[in-house]
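Me: I would like to go through the strands and sheets of this structure. Please keep the answers plain.
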Amino acid sequence: MVINVKNPSGEYVGKSGIVIQVDGTDYYENSFSIRSGEELNYNINITDGLDVLENKHTTTVSTYGNYTTYNFTKKINASATEEIPTPYIENVTVADGTIDGEPSAVAYVTLVNPSIRRYPTKLFVHTIGTDGSYYTPSPQPNNSTTVKVELLDKRGAKIAGEVRLYTGNLTNKQGGLDQVGFVGKAGEGTKQWNESFQPVRPTWMNNHYEYENDTYSQSLGEKLSANHKVGGIPVFYLGMVVLVGVFFIRRWR
């Protein structure tokens, strides 16, 4: 954006300035003095001030001193460019922790907001054992925050899942900010990778989304055993062995 300031009067203006608002948020301010007949030019890139959730953007330019205001609106698909700072998922770490004082598997999810504005973000986490943990963090502008997420998977197990960061409705792609997949085990590190945002049905809707991972999925015995094991063997299998043994003993008698 180019701003041209002129002083056509015959007087020196010593107390004036420019204020720029982008999509309703203060973006730029600069005071100046200007002599009679003088001309000042400003070339200001306002891209990083745009609201990534909007497609129509309004910029307002005001002067103080001799107060004047200009504004214009332009249609820009902000979500189609990577030049606009947008909240994102920086890191996911699987760990053993506590929720409400009770032992639980958890994931620490770090969110970063590199923007000048605060977005009303939402966080949804799915794993093999967790149909969905829902949170509403809102990182401050130019800041980060870490959310402790409750997981229903067994503590100490290798846990695979995905994290979605979005605004608005989880069932719509519009408003999706970021999505990552992850797999990790407490104390052994967590691997994560970027994914394109995919809208899903949340747990409070019928036929809601359930995360699946062929590589890290539980066996039928593990599911039926509810993650309970003896000597590393799911109790379901041990129970089956006992039943089979009882069956043969009775037959041999």
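Me: Which residue takes a positive phi in the hairpin of β13 and β14?
Reply: Gly187 does, with a phi near 80°, and the hairpin has five residues between the strands. Strands here are DSSP runs (E, at least two residues; helices are H or I, at least four), numbered from the N terminus. The model is predicted, so local features need pLDDT of at least 70 and side-chain atom pairs count only at pLDDT 80 or more, while totals for chains, interfaces and linings use all residues. Residues are numbered from 1 along each chain as its sequence is written, and side-chain values use heavy atoms, with hydrogens and water left out.

Me: How many bridges join β13 to β14?
Reply: Six bridges join β13 (residues 176–184) to β14 (residues 190–195), and the two run antiparallel. Two strands pair if DSSP finds at least two bridges between them. Val183 stands opposite Lys191 in β14.

Me: Changing topic: in what order do the four strands of the open sheet lie?
Reply: The order is β3-β2-β5-β6, with antiparallel pairing. At the edges are β3 (25–34) and β6 (68–75), each pairing on one side only. Within this sheet, β2 (residues 13–22) and β5 (residues 56–64) pair over six bridges, and Gly17 stands opposite Tyr64 in β5.

Me: And which strands are at the edges of the three-stranded sheet?
Reply: That open sheet has the order β7-β8-β11 and antiparallel pairing; its edge strands are β7 (88–99) and β11 (143–151). β7 pairs with β8 (residues 102–113) over 11 bridges, and Thr93 stands opposite Tyr108 in β8.
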